[in-house]
Number of protein chains: 2
Amino acid sequence: MGNCCDMRGFLTFTVLRLVSKNSMSGEELRQELGRRKGSKPSPGTVYPVLKAMSANGWIREVGHGIREKKYRITAAGKKELKSATKKFISIFCDMKDEFDKVSARS
Amino acid sequence: MGNCCDMRGFLTFTVLRLVSKNSMSGEELRQELGRRKGSKPSPGTVYPVLKAMSANGWIREVGHGIREKKYRITAAGKKELKSATKKFISIFCDMKDEFDKVSARS
DNA sequence: ACTTGTATATCGCACAACCGATATGTTTAA
DNA sequence: TTAAACATATCGGTTGTGCGATATACAAGT
């Protein structure tokens, strides 16, 4: 147990959240995730997740981009995101203070 | 992929946070975790985690309780919690709004 | 045409979280 | 002193997340 929490299990949730705001490509997601986590996730991490989420109907491919596939959240995805967020808040209900201490990112 | 986020990987983090506020026993932790997650984690989940965290020096057994072992956070545990929290906030930096919408629990 | 850089995709694998079942004390009640 | 209830502890096994390596596709520059 190297460090207390390698934050596994958050990837799908975070991708769903990111895609719910802007349509994004796999590469864009890798960059943003890398920015937040400190290390950029490998292709073998991101693309299978996107595939699984597509198969679940939570995101949908939209044609934009030259050589990029952009993904967008679907209605089912929004529903899933809503319930996952509720669960998340329920678990981390007492972290509001910590968030308040930090100014919002750009 | 049953649901978007089964919140795996956050148990140690959450236990560390709970124990940092009040000294708690394994059973008390199971109850509180169950309250938050919806399902009470099994003994086979909680006790190995407590053992590992003790081995890491993040929590320490304190004698209180009749037939319960209470655990308390250590200095090393506080340090670990601080860095983990920082990482957590960095990943979920844009969830402040969601937290603001929810009133604090008792 | 050929190379280079970028993005997507897939495969096998490692590792850790978590569970279910079970065993071992330990306290309270009868 | 037995029995019941409770808390702790351990073991084996399952699941799934994420990684490394590799392959494919395509655009742009030379």
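This is a predicted model: local features need pLDDT of at least 70, side-chain atom pairs count only at pLDDT 80 or more; totals for chains, interfaces and linings use all residues.
Residues are numbered from 1 along each chain as its sequence is written, and chains are lettered from A in the order in which they are written. Local features need pLDDT of at least 70 and side-chain atom pairs count only at pLDDT 80 or more, whereas totals for chains, interfaces and linings use all residues; side-chain values use heavy atoms, with hydrogens and water left out.

**Exercise 1. Describe the make-up of chain A.**

Step 1. Chain A holds 5 helices and 3 strands. Helices (H or I, at least four residues) and strands (E, at least two) are DSSP runs, numbered from the N terminus.

Step 2. Along the sequence, the pattern of chain A reads α-β-α-α-β-β-α-α.

Step 3. Of the 106 residues in chain A, 43% are buried. Buried means under 20% relative accessible area, exposed over 50%, and partly exposed in between, with a 1.4 Å probe and protein chains only.

Step 4. Among contacts in chain A with a separation of 6 or more, 44% join residues 24 or more positions apart. Contact means heavy atoms within 4.5 Å.

**Exercise 2. Determine how helix 2 and helix 3 of chain A pack.**

Step 1. Helix 2 (residues 26-37) and helix 3 (residues 43-55) of chain A meet at an angle of about 125°, and their axes are 10 Å apart. Axes are lines fitted to C-alpha atoms, for helices over the stretch in contact, and angles run from 0 to 180 degrees between N-to-C directions.

Step 2. Helix 2 of chain A is therefore oblique to helix 3 of chain A. Angles under 35 degrees count as roughly parallel, over 145 as roughly antiparallel, 65 to 115 as roughly perpendicular and the rest as oblique.

Step 3. Gly26(A), Glu27(A), Leu29(A), Arg30(A) and Leu33(A) of helix 2 of chain A meet Pro43(A), Val46(A), Tyr47(A) and Leu50(A) of helix 3 of chain A.

Step 4. The residues of this contact comprise 6 nonpolar, 1 polar and 2 charged. Ala, Val, Leu, Ile, Met, Phe, Trp, Tyr, Cys and Pro count as nonpolar, Asp, Glu, Lys and Arg as charged, and the others, Gly among them, as polar.

**Exercise 3. Characterise helix 1 of chain B and its contact with helix 3 of chain B.**

Step 1. Helix 1 (residues 11-21) of chain B is largely enclosed by the rest of the structure, because 8 of its 11 residues are buried. Among them are Phe13(B), Val15(B) and Arg17(B).

Step 2. Helix 1 of chain B packs against helix 3 (residues 43-55) of chain B at about 70°, with axes 11 Å apart. The two helices are therefore roughly perpendicular.

Step 3. Leu11(B), Thr12(B), Val15(B) and Leu16(B) of helix 1 of chain B make the contact with Thr45(B), Val49(B), Leu50(B) and Met53(B) of helix 3 of chain B. The contact residues divide into 6 nonpolar, 2 polar and no charged.

**Exercise 4. State whether Thr14(B) is buried or exposed, and which residues it contacts.**

Step 1. Thr14(B) lies in helix 1 of chain B. Its relative accessibility is 4%, so Thr14(B) counts as buried.

Step 2. Leaving aside neighbours within four places in sequence, Thr14(B) is in contact with Ile91(A), Phe92(A) and Leu33(B).

**Exercise 5. Identify the residues that touch the most other members of the largest nonpolar core.**

Step 1. In this core of 53 residues, they are Phe88(A), Phe92(A), Phe88(B) and Phe92(B). A nonpolar core is a set of buried Ala, Val, Leu, Ile, Met, Phe, Trp, Tyr and Cys residues joined through side-chain atoms within 4.5 Å.

Step 2. Helix 1 (residues 11-21) of chain A supplies the largest share of this core, 6 residues.
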